[in-house]
Amino acid sequence: MFARTAWTVFRKDLTVEVRTRETLATTLFFALSAVIVFAVALVRDGRVVADAAAGILWVAIAFAGTLTLGRTFERERYTDTLRALLLAPAPRAAIYVGKLLAVVAVLLLTELMLVPLVALLFDAALLQRPGLLVALLVTGTIGFASVGTLFAAMLVRARSRDVLLPVLLYPITIPVIIAGVRGTAALAQLVPDEPMATFWVMLLAAFDTVFVTLALWTFDPLMTD
Amino acid sequence: MLQRSVPLLLVTTIAAFSVAPFLIHNAPYESTMGLVQKIFYFHAPAGIVMFLSAFVCGISSAIFLFRGRQGADRVAVAAAELTVLLGTIVLATGPLWARKAWGVWWQWDARLTSSLLLWMMFTACLLVRRYGGPGSDKLAAAVAIFGMFNVPFVYVSVNVWRTLHPKTTVVPMLGPGMREPFWFCILAFLSLYVLLLALRVRLAEQQATLDARYLELDDRASA
Amino acid sequence: MLKRVLRVLGLVLALTATSGIGAAAAQPSSPPSAAPPAATDGFVPVTDLPPVEQLPAAPLVLGAYAFIWVAVLVYVALLWRRLAAVQKDLDALTHTPPR
């Protein structure tokens, strides 16, 4: 029952996304614009500041993530379907999991295109250890989205939700950003620092476990009026 | 209970803060940092009480969220506000010390960054309450709980990233003459904290009573 | 009652603030003697301080303590005003005869 509800919500969101490609297209383009802005700031005499690529990648992911979260729930708010979704005779936590998976899927698709782009534009050796990089991206994205999905769901009813989402999300997800940036930077070195990257993946995995549990635990009382 | 202890707390707080300047004034100078190290006697206790306050806020938010106790929500608002106040003190006095000790106003050091982030999380908590509209009390509770659980993650991640601050091990190793004023200041700040918490909770209670009265009058008028 | 308590609190805090700043400003030339232990990882107390050392640090210490006092006092003042305002509204409501 739990898994089926989560799967249904996930498939619903993904179907909407595949049909309109609204979030993916706009988010990707937005991430690209962010990358350009950083290039202007961080490229000097045609050369990139050390570790800049890792930072740019993760800041673009964080920006794109905020946008994706906002869009996903704005759609629900616009058609007033979130209430219907919550009224459905299904475990609330399953709805959260479905939404989380959809956000993570969209973000991973964005990253799939963002990583080669950053690697190419900033001449960064991001793909030396693809396995560890994927682990960093997946655990980081889940960590970012686990907190983000909960807050975005709660902000649907709030007045100034567009401003409040990043205001709440960024300070809490700073560990994810630090781990992502430092881990990616460790991988992009001339000699990839594997133990360092593994440490950051472990930290992200612990973060994911704690915050997904916490979100599942608080989603029900939070979404009850 | 919290309210009834206000007069007693008032007396102890005022007494403690009247004695503290003399104790600090009489404490020996630190060998390498000299006079500027005296900021430590108020800076570190404020930081310790700030972290304590964050946990008070997180725990009372959890009680509010899961048990629906309005009283816990009032404690949470009060603790969030005081966390921000103490955080402001810590973040303002720290750079003044750093300017002399390290030669810069700000360093991206583990302790500094995590204090800044803690301050940001609880400021966000207050912003939600102020601008979130209906249902923002629950959202603020969630932010406080998440913020509380985030403290170790912030600390570990920033710690691996950077470290420069005097270590916590400095506290048990404080020399004689420095130890006593330090612990005294911690007690003084604790007493100040509980006093302000009690007053702030009282304000929240009064506001709740006022809202209830207005509703009552409204009902009577419409009946 | 509460108002009076708060007024006294404000006054005493203000007084202690000035005395605190005063004490911090007037750093004595003869701090009490304490033997400095040979610690490397901690703060080591020292009795004789070169006068050069004292000059630039004093405004910083003064600023820090002044800031703390001002922050706490401003917060207490705000709290006091909000409490007074709510109390006034409550009193006004209780004295309104029911319509």
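**Notebook: salt bridges and positive phi values**

I began with Arg161(A), which is buried at a relative accessible area of 18%. I take buried as under 20% relative accessible area, exposed as over 50% and partly exposed as in between, with a 1.4 Å probe and protein chains only.

I note that this is a predicted model, in which local features need pLDDT of at least 70 and side-chain atom pairs count only at pLDDT 80 or more, while totals for chains, interfaces and linings use all residues. Residues are numbered from 1 along each chain as its sequence is written, chains are lettered from A and ligands numbered from 1 in the order in which they are written, and side-chain values use heavy atoms, with hydrogens and water left out.

**Entry 1: Arg161(A) and its partner**

I looked up the partner of Arg161(A) and found a salt bridge with Glu74(A), the closest N and O atoms being 3.5 Å apart. Glu74(A) is in helix α3 and Arg161(A) in helix α7 (residues 161-187) of chain A, so the pair ties together parts 87 residues apart in sequence. My criterion for a salt bridge is a side-chain nitrogen of Lys or Arg within 4 Å of a carboxyl oxygen of Asp or Glu. Helices (H or I, at least four residues) and strands (E, at least two) are DSSP runs, numbered from the N terminus. Glu74(A) is partly exposed, at 22% relative accessibility.

**Entry 2: Lys12(A) and Glu76(A)**

I counted 16 salt bridges over all chains by this rule. In one of them, Lys12(A) pairs with Glu76(A), with 2.5 Å between the closest N and O atoms. This pair links helix α1 (residues 2-20) to helix α3 (residues 52-78) of chain A across 64 residues. I recorded Glu76(A) as buried at 4%, whereas Lys12(A) is partly exposed at 31%.

**Entry 3: Glu194(A) and Arg129(A)**

I found these side chains joined in a salt bridge of 2.4 Å, N to O. Glu194(A) belongs to helix α8 (residues 194-223) and Arg129(A) to the loop between α5 (92-121) and α6 (130-155) of chain A, so parts 65 residues apart in sequence are tied together. Salt bridges with shared partners also join Lys12(A), Asp13(A), Glu76(A) and Lys99(A) into one network.

**Entry 4: backbone**

I then turned to phi. Most residues other than glycine have a negative phi. Arg21(A), not a glycine, has a positive phi near 55°; Arg21(A) sits in the loop between α1 and α2 (22-42) of chain A and is exposed at 52%. Asp123(A), likewise no glycine, has a positive phi of about 55°. I placed Asp123(A) in the loop between α5 and α6 of chain A, exposed at 71%.
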